[in-house]
Amino acid sequence: MRISVCVVALAIACGSAPPKPVPDSTRQAVEPMPDAGARPANEPGGSGLGLADAGSDVLGAKADAGMAADGGANLRDRMADAGAQATNTAGTAAADVTEALQKLPAAPPIPETPPFLPAVEESNDNPTTPEKVALGYKLFYDKRLSRDGSMSCESCHHPDQAYTSGNAVDPKVGGAMNKRNAPAMANVAYHQNGFYWDGRTPTMEAVTAAAWKGQLGVEKPDEVVAKLNAITPYRAEFQRAFQSDATAKNVPLALAAFLRALKSGNAGWDKYEQGDQKAVSREARRGSQVFQNARCTLCHVPPLYTDSQFHNAGIGFDRPEDQRDHGRMDATKDKADDGKFLTPSLRDVAKTAPYFHDGSAKALSDAVDRMLAGGVKNPNLDEKLKRAKISPRDRRALLAYLESLTGQVTFPKAPDLP
Ligand code: HEC
Ligand code: HEC
């Protein structure tokens with residue numbers, strides 16, 4: 001019972017410093033969600049991914065916004081419930097956490113979506129808030145999230161390489177090798193047909209939970225969570241974001257919220273399209289025509305330079321049969337999907353070497369040459385891929401155009417960790 005009271009006290013302390021309103025469309029999309037808030041926290045058929053947290057968070061947002069008084073009462077009930085259920089064993093440190101909460105600077109607003117990019121589709125179970133994003137940003141960079149303290153998410157997703165690793169494939173914690181190239185994280189939230197190269201996982205929350213376990217080797221998340229809760233400023237940030245201590249469930253939620261806010265845009269080419277004639281070279285402008293004429297836009301569709309579909313470009317089909325990656329077929333078990341992979345976005349492509357799902361193209365020019373050749377021949381090769389013969393001058397122009405797609409990421413460097 002004592003714990004419940006503490007949690008209520010924390011929630012109130014939290015409410016006394018309401019986060020700044022955020023003019024971003026992703027934020028606005030979160031707020032009018034009466035039905036999500038009204039859903040009982042333990043509703044059967046929920047995702048099991050922290051619906052309780054998400055429910056109280058929505059109520060929290062309402063209470064901040066000074067909406068219906070019963071929303072506030074409801075919030076307190078919900079907080080008491082959460083307290084009763086919480087695995088909070090460190091009740092004695094609650095006073096420290098309250099103090100740490102009061103000292104926390106307000107979470108920065110969620111960065112604006114860059115021009116031309118659509119709004120990110122929100123998760124009903126895990127609405128994006130500035131507090132979750134700020135927390136997820138730290139967790140993404142924190143090696144304490146891994147089993148042995150050796151790696152963070154950032155170890156394979158570096159900010160200066162559009163959140164790729166720079167290697168063809170990387171070892172996970174424990175030493176097992178990944179079989180695929182670590183994809184860019186910027187704009188990852190725009191995936192419409194599932195995550196990973198083969199689209200096998202439907203939600204961002206499921207991916208972040210899987211990465212925590214699979215890549216960072218965390219079989220016993222409660223042990224990691226206990227370490228995080230022992231760091232008072234972290235515990236305070238969890239309280240502020242989730243009205244709960246760190247749990248095995250809310251760590252992946254915070255990571256997912258961060259990734260929904262991680263975007264890249266405002267590239268030279270975007271500035272040019274907004275009327276800044278000097279933002280790109282004449283060569284890049286010519287390259288834009290080459291890109292269209294060579295039919296690259298059939299799959300790399302602006303503004304994200306992907307069609308969110310899976311295609312067989314034959315990459316890796318030159319390997320012996322038993323060493324091939326079957327891509328989408330692994331997810332769907334449909335032979336027609338053999339060798340299909342998600343069309344990668346070409347935003348920031350100049351920074352994401354090596355290329356393709358297996359990292360087999362070292363330089364951008366190698367990747368482009370393979371695409372210009374119409375992919376690698378195989379029985380399932382996509383019909384849209386046709387050989388395009390172009391002059392060396394057009395090839396240079398095409399590369400200059402692709403370089404003009406390098407933008408600015410919303411989180412360009414490491415955060416300070418608690
Ligand atoms: C050891 C390297 C490594 C680490 C560490 C790592 N990842 Fe990844 N990540 C990968 C690889 C490889 C893939 C692609 C796997 C596939 O497609 O089958 C990937 C894919 C992803 C995707 C899906 C991207 C897409 O385009 O669909 C997300 C999201 C992601 N990782 C987030 C994380 C998070 C969060 C963490 C930390 C908990 C993390 N990763 C840690 C290597 C890593
Ligand atoms: C049929 C759809 C399709 C067309 C047309 C197409 N691509 Fe691709 N592109 C893909 C797919 C799918 C991949 C990933 C293949 C893989 O890794 O197995 C890819 C990968 C790439 C990559 C590597 C990106 C990375 O991050 O790994 C580049 C660069 C690229 N394409 C450029 C082009 C260019 C230039 C053209 C026009 C000449 C083109 N593509 C035409 C579907 C297409």
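Predicted model: local features only at pLDDT ≥ 70, side-chain atom pairs only at ≥ 80, totals over all residues.

Which of the 24 residues around ligand 1 come nearest? Select Cys 153, Cys 156, Phe 195, Tyr 196 and Gln 215; a residue counts as near a molecule if its C-beta atom, placed from the backbone, lies within 6 Å of it. Residues are numbered from 1 along each chain as its sequence is written, with chains lettered from A and ligands numbered from 1 in the order in which they are written.

Next, highlight helix H8 (204–214) and helix H11 (250–261), the elements that give two or more residues to the shell around ligand 1. H8 has the largest share, with four residues. Helices here are DSSP runs of H or I, at least four residues, and strands are runs of E, at least two, numbered from the N terminus.

Now colour that shell by type: 15 nonpolar, six polar and three charged. Ala, Val, Leu, Ile, Met, Phe, Trp, Tyr, Cys and Pro count as nonpolar, Asp, Glu, Lys and Arg as charged, and the others, Gly among them, as polar.

Jump over to ligand 2, which has 26 residues around it; pick out Cys 296, Cys 299, Ile 315, Tyr 355 and Phe 356, the closest ones. Then select helix H15 (residues 364–372), the top contributor to this shell with five residues. The shell around ligand 2 splits into 18 nonpolar, five polar and three charged.

Finally, zoom out: the protein chain has 16 helices and four strands.
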